[in-house]
Amino acid sequence: MITAYHRPDTLEAALQLLTRSRKMAVLAGKTITDAGLDDSIDEVVDLQAIGLRQIHEHGTQHTLEALVTLQTWRDHAATPAALRDVIHAEDSFTFRNMRTIASLLYVPDAESQLVAALLVCDAVVQVTASTGTQSLPLARFLAQRVALLSTSIPTAVTIEVSGTIAFANVARTPADKPIVAAVARKTVLGEIRLALSGVAPMPILIAPNDVENVKPAGDFRGSSAYRRQMAITLSRRVLDALG
Amino acid sequence: MQIHLTINGINKTLECQPYETLMRVLRREGYFSVRYGSDSGETGAAALLLDGVLANADVMLAAQADGHHIETVEGLSKGTMLHPIQDAFVRMGAIQSGYSTPAMILAAKALIEKNPNPTEAEIRDALSGILDRETGYIKPVLAVLEAAAVMRGEDPSEMTTNVLTPIDLPSRDNDLFEGGIPEEDRGGDYWDMGSTDLKVRTKRLPRFIVSLQVPETSVVGKPEIKVDALKLTKGNPAFVDDIEMRGMLYAALLTSPHAHARILDIDDSDALALPGVHAVIHYKNIARVRYASGGQSYPNPKPYDQVSFDNKVRHVGDRVAAVAAETPEIAAEALKRIRVTYDILPAVYDENEAMQPGAPVIHDEPDMSDAYDAQRNIVHHIHAQVGNVETGFEQARHIFEQSFYVHQVQQVPIEPHICIGYWDADERLVLRTSTQVPFHARRMVAPLLGLPVKRIRVIKPRIGGGFGAKQEMLIEDIVGHLVIATGRPVRFELTREQEFISSRSRHPQTIVFKTGLDANGKLVSQKMSVIGNTGAYGTHGLTVQTVTGMRGLSSYNCPNKLFDCYVVYTNIPTPGAYRGYGAPQALFALESHMEDIAIQLGMDVIEFKRLNWVKVGDPLDIAPHLGEGEAEITIIPTIRSSGLEQCVLQGMQAIGWQRRHDPNFRLDPARPHIRRGIGFAMCMHGTAIPGLDMGGASIKINDDGSFNVLVGATDLGTGSDTVLGQIAAEVLGVPLQDILMYSSDTDMTPFDTGAYASSTTYISGTAVMRAAEQVREQIKERAGLMLKLNDWSNVVLRDRRAFAPDGRFVSLQDIALHSLHQQDQRQIMATASYVSPESPPPFAGQFAEVEVDIETGQVTVKKLVMAVDCGVAINPITASGQVEGGMVQALGYGHCEEMAYDEHGRMVKPELSAGAYKIYRADEMPELEVILVQTMEPSGPFGAKAVAEIPKDGVAPALRNAIYNATGVQINRIPFTPERVFNALQEANIS
């Protein structure tokens with residue numbers, strides 16, 4: 001049960017609180033469902049007062065500060081149309097208002113099409129600890145997420161928006177979470193980035209030739225074999241769409 | 001801790017705990033429009049505006065809102081003056097139960113303030129986080145469009161019906177609408193949607209086919225505003241939980257983690273030792289009284305296989321113990337401290353396996369005596385026959401046999417089950433509860449609590465949807481036990497997870513149809529075999545399956561029919577009543593089977609069905625053998641009204657039926673993996689349970705000529721209070737505004753069986769009509785006295801006056817004052833009740849258009865059309881709202897909703913989040929179209945039949961037949977999820 005609520009004014013103060021107790025959770029958006037609250041948590045640090053709500057454009061690189069809401073990102077004039085569609089599909093309007101870039105990182109979803117999109121946009125996560133700031137590719141962040149988040153706070157994600165993005169998915173209904181999704185980006189140099197969701201514990205970057213080798217876990221919406229077949233089909237579609 | 005909020009423009013400093021949600025704190029402060037739907041925000045019922053932005057208060061800490069501006073719907077209106085958005089929701093008929101209406105209104109406000117001229121797509125996106133189980137989102141979208149228009153300065157629209165011309169039967173259906181349907185003939189009145197990026201068009205008005213047989217009326221048949229609309233749109237405290245009780249305790253329920261286990265011991269000492277815990281109840285301290293929990297008439301159908309708390313659990317989510325404590329947190333902690341020793345037993349989940357020798361015996365308790373064969377887990381064996389099917393099969397030219405499977409789904413009312421109990425000043429137990437059956441609940445709970453019925457009062461306030469889940473005495477006994485144990489008021493609400501696993505759901509069934517036909521395609525013999533899975537307990541198990549038999553073997557004429565059914569216990573959470581009540585299962589199998597027969601015979605599907613479907617004058621000969629009551633009905637009912645032919649013709653036109661064989665429609669050159677198809681299902685339902693359902697009504701006049709109408713009927717949000725008020729107003733010659741409705745309070749209103757079986761308009765409506773007719777006679781007599789008439793029989797009531805044949809009149813107010821105060825004083829009042837000997841069927845044609853991705857199996861539903869004959873729609877707006885909402889629930893049944901389990905019988909993801917139990921959102925809806933085809937049912941009040949349940953019947957088979965039309969693949973199991981369809985396509989080598 002939560003017995004203490006903290007709203008620090010600065011990132012430094014937030015980091016101090018975070019490292020003070022292992023029973024501390026971070027509220028990086030408006031919803032507590034993204035904070036990983038469980039019986040072991042008894043304090044929360046709410047980041048709402050520390051700022052981090054800007055989107056910065058540096059040519060084709062966009063830096064999304066951690067507390068930018070999904071809806072703000074979607075509505076941002078420079079967000080590419082395909083990415084805007086993926087953001088839109090990620091959540092209902094209400095939750096897009098409440099969830100932030102950091103929300104995606106605190107409780108990443110195996111079936112998040114948006115996290116897959118971040119992967120193909122070469123997302124780099126900036127994480128700040130009391131010892132300093134480091135930047136690491138999203139895939140590496142996801143692999144080390146638990147350890148990183150125990151002592152540091154993600155402050156921004158930088159993505160590359162040049163090139164062309166295509167996505168395809170299969171879901172029970174148009175707005176349902178995809179069972180499997182494929183997102184691909186063709187860079188201005190003609191390189192292909194392909195990411196899949198729904199085939200591994202986290203969305204993954206994958207080489208097109210490796211798609212046949214995925215070994216997803218199944219659930220009631222899609223067996224392992226089905227998810228694998230969909231990974232192949234949807235990858236082909238997005239790659240075909242990119243030409 | 002203290003937080004500082006600005007709520008609706010007023011600065012407030014509030015005390016709260018760090019763990020408390022914003023919803024909880026606001027409700028404690030009296031902002032009851034912020035409502036619970038789940039713990040994870042998906043329902044959106046707790047939405048409000050935080051600094052002008054839509055946010056869910058149930059997933060925010062109150063502390064997070066410190067320093068922010070909050071708007072709730074309580075702040076929108078000034079006195080009786082509604083905000084234009086509230087006004088639009090009222091006028092457009094956008095409110096059913098109203099539970100989530102405040103959230104929708106706030107979503108609209110935020111949108112319109114940012115964008116005064118939103119497109120339909122933008123509106124649907126704004127509403128996408130607010131789940132609506134009732135309206136199909138159509139009328140809320142219309143209301144937002146209307147509100148935006150009014151706020152831009154345009155004149156308010158008038159909500160009327162859109163009358164269409166009947167279509168004549170063509171000589172051949174396939175010639176119908178040759179060359180497509182001109183837009184001007186489609187009869188719709190569409191909003192200009194601006195952006196069409198959702199490719200959805202929302203009809204402004206319900207389409208309506210008028211029957212010349214129906215006499216002109218003043219109030220009945222008109223789109224009157226709901227009588228409860230004002231309080232619902234303002235978020236007034238109208239629901240069970242919208243009440244403050246001093247000293248109220250919070251109950252919590254410990255449920256079984258095992259599918260099948262014996263409880264060897266319960267140790268509650270640690271829980272009781274926790275400060276703030278007032279009671280822990282379980283099998284060791286609660287009397288063992290056997291009962292059946294289904295809210296049905298006395299005597300409840302067997303088996304009586306439940307007790308409040310047992311020493312055995314039979315499904316994950318089954319009751320183990322309950323606590324009452326000072327706070328929800330203490331109650332939750334107490335549950336953790338109850339030590340239960342289980343002996344885990346083997347479990348069985350499949351109804352076919354449960355009947356096999358060696359299967360675990362689920363009801364092996366020594367006092368179990370009601371089952372047909374408890375050792376084989378068979379609760380009931382139902383056998384009903386007309387003619388002789390074996391002889392019929394011998395005479396048949398063609399015989400077809402097919403097997404179908406229908407699955408388990410949940411009703412998902414956005415308001416979960418909730419009950420607040422307390423002792424009143426006379427030390428009678430009051431249960432304020434979210435129920436469809438207040439009178440049944442009172443009668444049924446009394447023996448469990450050891451109280452006489454007269455010491456219990458059940459009040460049903462407004463409730464946030466039921467759909468059958470609340471046709472049950474489900475939690476009232478727990479609350480009653482805890483009130484008795486503590487002497488304090490007790491509040492108990494199911495969590496969303498418990499609503500899935502500890503409430504009720506729809507029965508899964510395995511269905512086999514065998515049909516024999518003569519050389520002309522006429523049915524000569526039909527056998528329907530069903531194995532119904534009633535889960536851990538038999539509540540509604542008998543009657544749901546009998547309705548399956550009734551609906552499966554009534555829609556088509558056939559001289560030889562046999563229904564053979566086993567109702568079987570398993571270890572899944574218990575099914576029960578769910579809107580449609582056995583009919584959706586039957587109609588999925590029947591309408592799929594009939595489609596396939598037609599195609600195999602080379603006949604046009606609709607011609608084949610028309611050849612066989614029941615028509616006016618045809619007998620419903622299986623009905624006497626499949627009644628709910630103890631006594632068999634000996635009279636064979638006949639069809640006295642049917643608009644089915646017109647429903648089908650209208651539906652064919654609206655869906656563009658002629659396209660189903662057009663390659664230009666079925667294939668998409670730009671998307672070669674897409675196939676398109678159109679499907680049809682004929683639907684026929686019932687109206688109330690004949691000889692059993694009874695409703696009462698009492699009407700009295702007030703000093704000003706208005707009337708109190710007291711009914712036991714239960715308005716779930718369906719608009720029944722409005723419809724019953726319209727009936728009274730029509731008879732009494734007053735506007736609906738002069739009718740003051742009060743319903744569902746066992747102390748104050750006459751008896752009514754409750755809201756189920758599509759009975760309220762027909763049964764309770766007839767009771768109201770009869771009571772009103774008696775009151776009318778008393779008014780006429782009084783008018784005769786006042787006007788000094790020798791014969792008052794020709795006095796006519798209209799426009800709040802009683803007119804003599806010579807044109808003189810006296811107002812109803814003067815009549816009331818005269819009668820109450822001046823001469824030969826008496827209260828003008830009457831009471832009447834009604835039970836019907838028959839159950840006139842409503843009919844419908846359900847059509848669906850789909851796209852199938854043959855590489856993934858994904859089915860995208862593009863359009864649903866339902867043309868319904870519900871007799872005379874007493875209120876076409878509420879009636880069309882029922883159809884729209886019902887169709888969307890039915891869409892979920894056929895397409896995406898599914899209670900899935902792991903190998904231990906645990907439901908996978910018992911929640912409403914994306915990727916879990918999937919309910920359609922506003923922003924992903926297919927186009928919906930409703931056409932009301934009016935007929936005059938002679939037995940119904942003003943010609944009415946039922947409308948509430950028939951929308952549940954036809955979508956699944958129409959989808960199935962559309963997929964068949966699109967791909968050539970027959971899939972005999974629902975839901976049509978991508979992998980299921982993909983596998984079927986693979987088996988057919990289609991990809």
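These exercises with worked solutions concern a predicted model with a chain A and a chain B.

**Exercise 1. Describe the interface of chain A and chain B: how many residues are in contact, and which elements of chain A take part?**

Step 1. Start with the residue counts. On the chain A side 47 residues are in contact, and on the chain B side 50.

Step 2. Take the area. The two chains bury about 3,900 Å² between them, with 59% of it on carbon and sulfur atoms.

Step 3. Look at the polar pairs. Six salt bridges are counted between chain A and chain B. One pairs B:Asp853 with A:Arg237, with the closest N and O atoms 2.7 Å apart. Across the interface, 24 residue pairs are in polar contact.

Step 4. Assign the chain A side to elements. Two or more residues each come from strand S1 (4-6), strand S3 (43-46), helix H4 (93-98), strand S9 (164-170) and helix H8 (224-242) of chain A. H8(A) gives the largest share, seven residues.

Step 5. Sort the chain A side by residue class. There are 19 nonpolar, 15 polar and 13 charged residues.

**Exercise 2. Is helix H14 of chain B mostly covered or uncovered, and what do its buried residues pack against?**

Step 1. Check the length. H14(B) runs over residues 541-552, which is 12 residues. From first C-alpha to last it reaches 16 Å, close to the 16 Å expected at 1.5 Å a residue.

Step 2. Count the buried residues. Of the 12 residues, 10 are buried, and the helix is mostly covered. Among them are B:Gly541, B:Gln545, B:Met550 and B:Arg551.

Step 3. Find the neighbours. Which element holds B:Asp477, and what does its salt bridge with B:Arg319 tie together?

Step 1. Identify the pair. B:Arg319 and B:Asp477 form a salt bridge, the closest N and O atoms being 2.7 Å apart.

Step 2. B:Arg319 belongs to strand S12 (residues 319-325) of chain B and B:Asp477 to helix H12 of chain B, so the bridge ties together parts 158 residues apart in sequence.

Step 3. Check the burial of each partner. The cut-off for buried is under 20% relative accessible area. B:Arg319, at 14%, is buried, and B:Asp477, at 0%, is buried as well.

Step 4. Look at the helix around B:Asp477. H12(B) covers residues 476-486, and nine of its 11 residues are buried, so the helix is largely enclosed by the rest of the structure. The buried residues include B:Glu476, B:Asp477, B:His481 and B:Thr486. Just after the helix, B:Gly487 takes a positive phi of about 75°.

**Exercise 3. For the salt bridges A:Asp34 with A:Arg99 and B:Asp747 with B:Arg428, which partners are buried?**

Step 1. Begin in chain A. The closest N and O atoms of A:Asp34 and A:Arg99 are 2.9 Å apart. A:Asp34 is in the loop between strand S2 (24-27) and S3, and A:Arg99 is in the loop between H4 and helix H5 (101-106), 65 residues apart. Both A:Asp34 and A:Arg99 are buried.

Step 2. Move to chain B. B:Asp747 and B:Arg428 meet at 2.8 Å, N to O. The loop of B:Asp747 lies between strand S26 (739-743) and helix H20 (760-787), that of B:Arg428 between strand S16 (418-423) and strand S17 (429-433), and the two residues are 319 residues apart.

Step 3. Compare with the cut-offs: under 20% is buried, over 50% exposed, and in between partly exposed. B:Asp747 has 32% and is partly exposed, while B:Arg428 has 18% and is buried.

Step 4. Salt bridges with shared partners join B:Arg27, B:Arg35, B:Asp241, B:Asp242, B:Arg491 and B:Glu493.

Key:
Residues are numbered from 1 along each chain as its sequence is written. Chains are lettered from A and ligands numbered from 1 in the order in which they are written. This is a predicted model: local features need pLDDT of at least 70, side-chain atom pairs count only at pLDDT 80 or more; totals for chains, interfaces and linings use all residues. Side-chain values use heavy atoms; hydrogens and water are left out. Helices (H or I, at least four residues) and strands (E, at least two) are DSSP runs, numbered from the N terminus. The expected span of a helix is 1.5 Å times one less than its number of residues. Buried means under 20% relative accessible area, exposed over 50%, partly exposed in between (1.4 Å probe, protein chains only). Contact means heavy atoms within 4.5 Å. Buried area is the accessible area (1.4 Å probe) that two parts lose on being put together, summed over both. A salt bridge is a side-chain nitrogen of Lys or Arg within 4 Å of a carboxyl oxygen of Asp or Glu. A polar contact is a pair of N or O atoms within 3.5 Å; within protein, one must be able to donate a hydrogen and the other to accept it, and residues adjacent in sequence count only if both atoms are side-chain atoms. Ala, Val, Leu, Ile, Met, Phe, Trp, Tyr, Cys and Pro count as nonpolar, Asp, Glu, Lys and Arg as charged, and the others, Gly among them, as polar.
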